[in-house]
Amino acid sequence: MKLYNYLIAALATLTIACAPEPESPKEYPALATLDNTMWYSYDQKTNTYYDIWYDGGGRGRMLGYDTQERENETVNRPFDYTFEPANDIHDGVVRVNFDDGIRYGGPLIPKGTFQINNTDVYFIQLYEVDEEGNVIYDLEGHIKSAIQMWKE
């Protein structure tokens with residue numbers, strides 16, 4: 001029995017000594033601007049792959065393609081945008097006004113909160129909003145429209 005106790009103690013010591021150090025959480029810089037960045041999105045309902053370009057000067061464009069290889073452009077929606085960087089009170093806030101009059105707004109979620117294909121990404125969650133910036137709901141109480149986008 002003593003031998004068994006010594007064996008258990010030795011295994012416990014080796015386990016503790018060989019245990020890997022816990023990884024410290026990764027820290028990523030907050031985005032100060034969206035200017036000159038490109039983001040990805042995908043719409044499952046229409047099977048459309050998007051590249052969203054924030055060109056600078058408050059202008060951008062959302063380009064949609066029918067395949068992941070992005071060979072055949074099917075959507076081209078220019079927009080105006082504003083971005084309020086994160087501060088102590090809130091994450092960054094993005095507002096997008098498409099040239100067709102449809103508006104979206106929502107948070108930029110810091111990198112490290114979400115992963116796409118096992119990679120930490122910055123993530124923007126936009127909801128269709130009215131002129132006052134209030135989220136629009138359908139008759140059943142569901143959010144009318146949303147757009148998610150990410151970038152590494």
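Which residue forms a salt bridge with aspartate 51? In this predicted model, where local features need pLDDT of at least 70 and side-chain atom pairs count only at pLDDT 80 or more, totals for chains, interfaces and linings use all residues. Residues are numbered from 1 along each chain as its sequence is written, and side-chain values use heavy atoms, with hydrogens and water left out.

The partner of aspartate 51 is arginine 70, and the closest N and O atoms of this salt bridge are 2.6 Å apart. (A salt bridge is a side-chain nitrogen of Lys or Arg within 4 Å of a carboxyl oxygen of Asp or Glu.) The two residues are 19 residues apart and link distant parts of the chain, with aspartate 51 in strand β2 and arginine 70 in the loop between β3 (59-65) and β4 (73-84). Strands are DSSP runs of E with at least two residues, numbered from the N terminus. Aspartate 51 is buried, at a relative accessible area of 8%, whereas arginine 70 is partly exposed at 22%. Here buried means under 20% relative accessible area, exposed over 50%, and partly exposed in between, with a 1.4 Å probe and protein chains only.

The structure holds seven salt bridges. Among them, aspartate 55 and arginine 61 meet at 2.6 Å, N to O; aspartate 55 is partly exposed at 33% relative accessibility, and arginine 61 is partly exposed at 29%. Another joins arginine 95 to glutamate 84, with the closest N and O atoms 2.7 Å apart. This pair also links distant parts of the chain, from strand β5 (residues 92-98) for arginine 95 to strand β4 for glutamate 84, eleven residues apart.

Turning to the rings, the structure holds eight aromatic pairs. Rings of Phe, Tyr and Trp (its six-membered ring) pair if their centres lie within 6.5 Å; planes under 30 degrees apart count as stacked, over 60 as edge-to-face and the rest as tilted. One of the pairs, tryptophan 39 with tyrosine 54, is edge-to-face, at 6.4 Å centre to centre and 80° between the planes. Tryptophan 39 lies in strand β1 (residues 37-43) and tyrosine 54 in strand β2 (residues 48-56), 15 residues apart. Tryptophan 39 is buried at 0% relative accessibility, and tyrosine 54 is buried at 0%. The ring centres of phenylalanine 79 and tyrosine 81 are 6.2 Å apart and their planes lie at 65°, so this pair is edge-to-face. Phenylalanine 79 is buried at 1% relative accessibility, and tyrosine 81 is buried at 7%.

As for open space, the largest pocket has a volume of about 400 Å³. Of its 15 lining residues, Tyr42, Asp43, Ala146, Ile147 and Gln148 are the closest to its centre. On a 1 Å grid over the protein atoms alone, a pocket is an open set of points where a 1.4 Å probe fits, with protein on both sides within 12 Å along at least five of seven lines; lining residues have an atom within 4 Å of a point. Grid points are joined across faces, edges and corners, and a volume is the space filled by probe spheres set on the points. Strands β1 and β8 (146-151) each supply at least two residues of this lining.

How values were computed: Helices (H or I, at least four residues) and strands (E, at least two) are DSSP runs, numbered from the N terminus.
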